[in-house]
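Take a walk through this structure, one piece at a time. Keep the sequence beside you as you read.

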Amino acid sequence: MRTETADQASDRCRRLATLVRKETWQILRDPSSILIAFVLPLILLFLFGFAVSLDANKTRVGLVVESKTPMTEDLAASFRASRYFSVADAYDRRSFEQDLVLGRIRGIIVITPTFVRDSVGRFGPQIQLIVDGSDPNTANFVQNYVQSTVSNWAAQRSTELATPSPAIRIEPRFWFNQELTSRDFLVPGAIAIVMTLVGTLLTSLVIAREWERGTMEAVMATPVTAAELLAGKIFPYFVLGMASMTLCVLVAVLLFRVPFRGSIFSLYLLSAAFLIPALGQGLLISAATKNQFLASQLALITGFLPSFLLSGFLFEIRSMPLPIQWLTTILPARHLIPSLLTVFLAGDLWPMFLRSIAFMLTVGAILFALAARNVSKRIG
Amino acid sequence: MDTFVRLTDIVKRFGHAPAALDTVSGSIRGGQITGLVGPDGAGKTTLIRLMTGLMLPDSGTVHVLDLDSRQNPAGIQASIGYMPQRFGLYEDLSVQENLNLYADLRGLPKEDRQAVFHELLTFTDLSRFAGRLAGKLSGGMKQKLGLACALLRKPRLLLLDEPSVGVDPISRRDLWKMVEDLAKQGVSVVWSTAYLDEAEACDCVFLLNQGKLLFTGAPADLTDRIKGRVFKLSGVEGRRRLILAKALDRPNVIDGVLQGEAIRLVMRAEEADGAPLEVASLGGKNAKLMITPPRFEDAFVDLLGGGPSGHSKLAESTKMRKAGDAGAVIEAKDLTKRFGDFTAAKDITFSIPRGEIFGLLGPNGAGKSTTFKMLCGLLKPTGGAGRVAGFDLRRDVAEARNRLGYMAQKFSLYGDLSVSQNLQFFAGVYGLRGDYRRERIALVSEIFSFAPYLEMSAKDLPLGLKQRLALACAVMHEPEALFLDEPTSGVDPITRREFWSHINGLVEKGVTVLVTTHFMDEAEYCDRISLIYRGQSIALGSPDELKARVASVDNSDPTMEDAFIALIKQQDQASLA
């Protein structure tokens, strides 16, 4: 009796090993899987590393100095000198209104006649800023940069004049990404997207392809079990996903000089935990559709796009409508991205990591359970 | 004892469609080849899947090797070999890697492998190709590899789902020989097929049609039912298609097809004795009517209650094209097509006069469809010239296309449009306007009895109706030349006869037809055929001429398939020399 079970176990191992080997050969010989796992991620990274920038470098603004004094001129000069702004001058704010409406400038900075008086008053120096509220993202940037320019100017001036600085002063300080270069948070975010591509899109395609080519049916008519079939797909694509992630991290750190302050161990642990739900989703999709076209569409819509739009990678979750915010909480990518950013920009923060890992594994377990229910050895 | 598979009252349905299998019972024995025979959609694949345990019946039971498919599918799967349609091979793995994979999955002991691989590679003659990727094999070689993978662990039951589709006739014969050897060793072989000539070679058949089991038993038991009622009318004078149509109108004739120059007729059971003489008179003074051995197809049609009438309302409503002008309607001169370094068609030359049916016969991938597509202006030839109705295909493609009707291989209509929308669309595409358009649409709707289906999506039609709709769309504009690409592949014999009675009628009205087929029988409906093999035309002539060319002492009355195989072998020898 005992030898028989040992035989069965060795049979199972052998079948699993052969399925993994077969899958690996197919990956290596199929240019499209290499394309999705290595070329596409690089394109994405370069896109986010070079082409997309959320920084307000040289934002065009209008500057109106309503009454000229040495003090206002000094402030105006520091706007002109700022590397964040490209400044156009006028004496009347109305001359900029049209430009703001047409989007030729992003904001109007008005240094009012009361500026000098206020600068010695209780609230400190005040200026007026008019921004286009229909583009809140840019409006926000302009506001922040104006504020920090004014503060810098005031600080500098107070040291120069050796007068005591005002009691309360706002001094923005950005932690972990002092330069506020968007590349530093876009590139780690892109790595999460890349793992979604490999884990969900590629995996959903390969099983659907086996259905389409009729190989699934032939394999199912052998003593293989459904669990072995699933495992035979998961291992190779898990490794492929990790390889793809490694490539991205190397490019991010070596080429884009994104800082890496955490440990390699936590990076791999987080990525591994993320790949579980991603693979589970891919398996579920392909088991349910059995059709490559449908599988790829579903993978894009339920995997790629939410990771892209709802994970906080590009768009701030807190500014989304409440129901959408709730929706984002079930997305594994939304839990991975903050942790991944922390690994890169801050360092290891285990309480946070463990929470997101636990969450991702839970979602993964649910998806796998659903996939396993769908991949029974039955046709029709 | 000897029963390998026992089917008891099986019912299987998919969705709301009529049952795919409706109360099928029977048993399959060891040491025999059992044919699952029937047109597409008859339920063959479903029945095979039920036997693999990958699918369960809605009611009834399947026992394979005394195991119930509901309780022990794993036990069944451990002792059967199964080759699904398209062979189940990994195309990006090599021949040897495919064998290794299936050997591992089936648990073939390591120490036996070398011997088994050697035996199977020799048996299938694939030893030379062990390192080649499966995707780069020809159809025949893929089929043999698929078989080898299914045979790795000496299955007791071997299930082959349409193994001969897309395979050249030589490979088909090789495969059949291999399977016969296996049956002799005691293996029970199940071979599903839509080719009725294959049924005759089986030890036992299950004849399926629309999910119903029409007959089970030895094929000879079925053909014996019509023994003495099948005749061959040879030496006919005049247009043999007209004579066939007249013969089919006789109440005592239940079926008839052309067979080269002769006409094959099946008489009604109770009138087989007295009728022949009267029918023979249709063929003229010198016509001879002789009893001929029945074929499985004759018996199938008899079982279905006889074929349709020979009348084609479609042809009757088509205007007569002037006969007798000498010029060719379809002409190919040295047509050549290369894809990269692969020559799909090489120096194809023929010319088809008005009112002739010309067939391109050959296995899948031989170059038939390529030649065909060049002639209807869908594919630009690499070299050579083609003309349709006098228009050069390089210069006046649009003019030429207006004069031809094209019925593509597979279903090429818009599945999501209704029947009536498809008719409207194709009438529009061919530039039919106003009253004429309404008339033609009404006419084809009436001829093909589309009325109950007009609002139904084309994709939901039964196969036979889809095929009729495709024909209707191709002939609405009364084309001079009709291009039919594998028009009756997979349809039941009644629909096929109906289809050909329309084509025969149109040809009598002066329409010229180019048809591709891999059915050997269908080739005999043609006036002349060209055998296409590996991109070249290896022989051209009337079916009777080609058969006569290979007649020998051993085989004085060769079939079309015999002729094809002999001519391919001659060609292979010539190219070796």
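**A covered strand and its partners**

Strand E9 of chain B, residues 204-209, is mostly covered, with 5 of its 6 residues buried. This is a predicted model.

B:Asn209 has B:Lys212 of E10(B) as its bridge partner. E9(B) and E10(B) form a hairpin, with 2 residues between them. In the turn, B:Gln210 has a positive phi of about 50°. Most residues other than glycine have a negative phi.

Phi of B:Phe87 is near 70°, a positive value in a residue other than glycine. B:Phe87 sits in the loop between E6 and H3 of chain B. Is B:Phe87 buried or exposed? B:Phe87 has 27 C-beta neighbours inside 10 Å, so it counts as buried.

B:Glu486 also has a positive phi, near 45°, and is not a glycine. Its loop runs between strand E21 (481-485) and H18 of chain B. B:Glu486 counts as buried because it has 20 C-beta neighbours inside 10 Å. The cut-off for a buried residue is 20 or more.

Now zoom out to the domains. The assignment for chain B gives domain 1 (3-222), domain 2 (225-311), domain 3 (331-403 + 479-534 + 558-570) and domain 4 (415-478). The centres of domain 3 of chain B and domain 4 of chain B are 24 Å apart, taken over C-alpha atoms. Where they meet, 8 residues of domain 3 of chain B are in contact with 8 residues of domain 4 of chain B. Which helix gives the largest share of the domain 3 side? Helix H18 (residues 493-508) of chain B does, with 3 residues. That side of domain 3 of chain B divides into 4 nonpolar, 3 polar and 1 charged residues.

Look at H18(B) itself. At 1.5 Å a residue, its 16 residues should span 22 Å, and its end C-alpha atoms are 22 Å apart, so the two values agree. Of those 16 residues, 14 are buried, so H18(B) is largely enclosed by the rest of the structure. B:Gly510 follows H18(B) and has a positive phi, near 95°.

B:Asn555 has 13 C-beta neighbours inside 10 Å, so it counts as partly exposed. B:Asn555 and B:Thr193 are 362 residues apart along the chain, and their C-alpha atoms are separated by 26 Å.

**The nonpolar cores**

Next, the inside. The largest nonpolar core has 236 residues. Those with the most contacts inside it include A:Ile191, A:Ala192, B:Val189 and B:Phe483. Helix H7 (residues 182-213) of chain A gives the most to this core, with 17 residues. Another core, of 22 residues, lies apart from it; among them are A:Ile127, A:Val142, A:Tyr145 and A:Ala154.

What does B:Phe483 touch? Leaving out residues up to four places away in sequence, its contacts include B:Phe372, B:Cys376, B:Tyr406 and B:Leu514.

**Chain A and the meeting of the chains**

Turn to chain A. It has 14 helices and 4 strands. Of its 380 residues, 37% count as buried. In chain A, 80% of the contacts with a separation of 6 or more join residues 24 or more positions apart. The domain assignment of chain A gives domain 1 (2-52 + 181-374) and domain 2 (59-161). The centres of these two domains of chain A are 47 Å apart, taken over C-alpha atoms.

Finally, see where the chains touch. How many residues of chain B are in contact with chain A? There are 26, and they contact 24 residues of chain A. Elements giving two or more residues to the chain B side are helix H1 (44-52), helix H2 (73-79), strand E6 (80-83) and helix H3 (95-106) of chain B. H3(B) gives the largest share, 6 residues. By class, this side of chain B has 15 nonpolar, 5 polar and 6 charged residues.

How values were computed. Residues are numbered from 1 along each chain as its sequence is written. Chains are lettered from A and ligands numbered from 1 in the order in which they are written. This is a predicted model: local features need pLDDT of at least 70, side-chain atom pairs count only at pLDDT 80 or more; totals for chains, interfaces and linings use all residues. Domain bounds come from an automatic or database domain assignment. Two residues are in contact if their C-beta atoms, placed from the backbone, lie within 7 Å. Ala, Val, Leu, Ile, Met, Phe, Trp, Tyr, Cys and Pro count as nonpolar, Asp, Glu, Lys and Arg as charged, and the others, Gly among them, as polar. A nonpolar core is a set of buried Ala, Val, Leu, Ile, Met, Phe, Trp, Tyr and Cys residues joined through C-beta atoms within 7 Å. A residue is buried if 20 or more other C-beta atoms lie within 10 Å of its own, exposed if 12 or fewer, and partly exposed in between; C-beta atoms are placed from the backbone. The expected span of a helix is 1.5 Å times one less than its number of residues. Two strands pair if DSSP finds at least two bridges between them.
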